[in-house]
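Have the viewer open as you read, and take the points one at a time.

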Protein chains: 2
Amino acid sequence: MTVSEPDVYDRMCPSRGVLEHVTSRWGVLVLAALRDRGYRFGELRRRIDGVSEKMLAQTLQTLERDGFVHRKAHPVIPPRVDYSLTPLGTEAAELVTGLVEWIERRLPQVESARELHGARREG
Amino acid sequence: MTVSEPDVYDRMCPSRGVLEHVTSRWGVLVLAALRDRGYRFGELRRRIDGVSEKMLAQTLQTLERDGFVHRKAHPVIPPRVDYSLTPLGTEAAELVTGLVEWIERRLPQVESARELHGARREG
DNA sequence: CGGTATCCTGAAGGATACTG
DNA sequence: CAGTATCCTTCAGGATACCG
């Protein structure tokens, strides 16, 4: 395991790193899911469609480290680990789900904008 | 130039694509910048620290296609192109800058959470 | 000035196998 | 079940060159 440096842009503006954790592909979806209730690892994996074990673990670790997610490991066999939002994470999750829900409401407008504009890349 | 398909996850949930355009590394920063006022291409490039010409152009095209950004090309030499937010883009920008500003306010809490947790990866 | 085209590399991230 | 370790592929995105 190699520990990577914060990149140049992070050094110039430390909030960029946090912003990217929270708005990352899987970060958004984890926060949104946990807003409903706490989940076990496997539950989350099934609920968040398409996430790999590796990426889910990585995303949860990053969010835990930033203080957004609380991890509670029960010392039982088979292992049981529950994830939930911290108070800080709850606030973050409200903001990102606000964004997600806004997008879902405005999707028709986005799609008609795309038609007007002519079908081009989906980057 | 190859035009890429929307990937599998986009097909399952079309809002994911829009979410990723808006929360992408440069998308967030473009929306936040344009919230202040309209900018020319070069102005934006200078204002958004670290963005390459290529990525700025690509990001603006994506946001334009989604109906968030308005592009006004003046037929003069040398060329002049102004970018601004559409009404839809203004709403999106408000949500993302809300998130950015929240993160900036909470940064001290995030940093103390990191210290408690012990210094680990910056993924 | 405001792009586009091409090339290239490092990092993100998926598949698989393994473990306590 | 909840991860780690390893390998391998894909792709974001930077560098460079060129153009209207």
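The points below go through a sheet, a helix, an annotated span and the contacts with DNA.

1. Please keep in mind that this is a predicted model.

2. In general, strands of a sheet pair through backbone hydrogen bonds.

3. Next, look at how the strands are joined. E2(B) is linked by six bridges to strand E3 (residues 80-85) of chain B, and five residues lie between these two strands in a hairpin. Across this pair, B:His70 is opposite B:Ser84, while B:Lys72 has B:Asp82 as its bridge partner. On the other pairing, E1(B) and E3(B) are antiparallel and share two bridges; there B:Tyr39 faces B:Tyr83.

4. Is helix H2 of chain B, residues 15-23, enclosed or open? Eight of its nine residues are buried, so the helix is largely enclosed by the rest of the structure. Among the buried residues are B:Val18, B:Leu19 and B:Val22, along with B:Arg16 and B:His21.

5. For chain A, the unreviewed UniProt entry annotates residues 13-111 as "domain: HTH hxlR-type". In the model this span is 67% helix and 14% strand, and its end C-alpha atoms are 34 Å apart.

6. Now turn to DNA strand C, which has 19 residues around it; the closest are A:Lys54, B:Arg40, B:Glu53, B:Arg71 and B:Tyr83. By class, this surface has ten nonpolar, six charged and three polar residues. Helix H5 (53-65) of chain A supplies at least two of its residues, as do H4 (41-47), H5 (53-65) and E3 of chain B. The largest share, four residues, is from H5(B).

7. Which parts of DNA strand C lie within 4 Å of the protein? Of the atoms in that range, 60% are from sugar or phosphate, and the rest are from bases. On the phosphate side, a side-chain N or O atom of B:Arg40 is 2.8 Å from a phosphate oxygen, and a polar side-chain atom of B:Tyr83 is 2.6 Å from a phosphate oxygen. On the base side, a polar side-chain atom of A:Lys54 is 2.4 Å from a base oxygen.

How values were computed
Residues are numbered from 1 along each chain as its sequence is written. Chains are lettered from A and ligands numbered from 1 in the order in which they are written. This is a predicted model: local features need pLDDT of at least 70, side-chain atom pairs count only at pLDDT 80 or more; totals for chains, interfaces and linings use all residues. Side-chain values use heavy atoms; hydrogens and water are left out. Two strands pair if DSSP finds at least two bridges between them. Buried means under 20% relative accessible area, exposed over 50%, partly exposed in between (1.4 Å probe, protein chains only). UniProt positions are given in the numbering used here, feature names are shortened, and annotations may be inferred rather than shown by experiment. A residue is near a molecule or strand if one of its heavy atoms lies within 4 Å of it. A polar contact is a pair of N or O atoms within 3.5 Å; within protein, one must be able to donate a hydrogen and the other to accept it, and residues adjacent in sequence count only if both atoms are side-chain atoms. Ala, Val, Leu, Ile, Met, Phe, Trp, Tyr, Cys and Pro count as nonpolar, Asp, Glu, Lys and Arg as charged, and the others, Gly among them, as polar.
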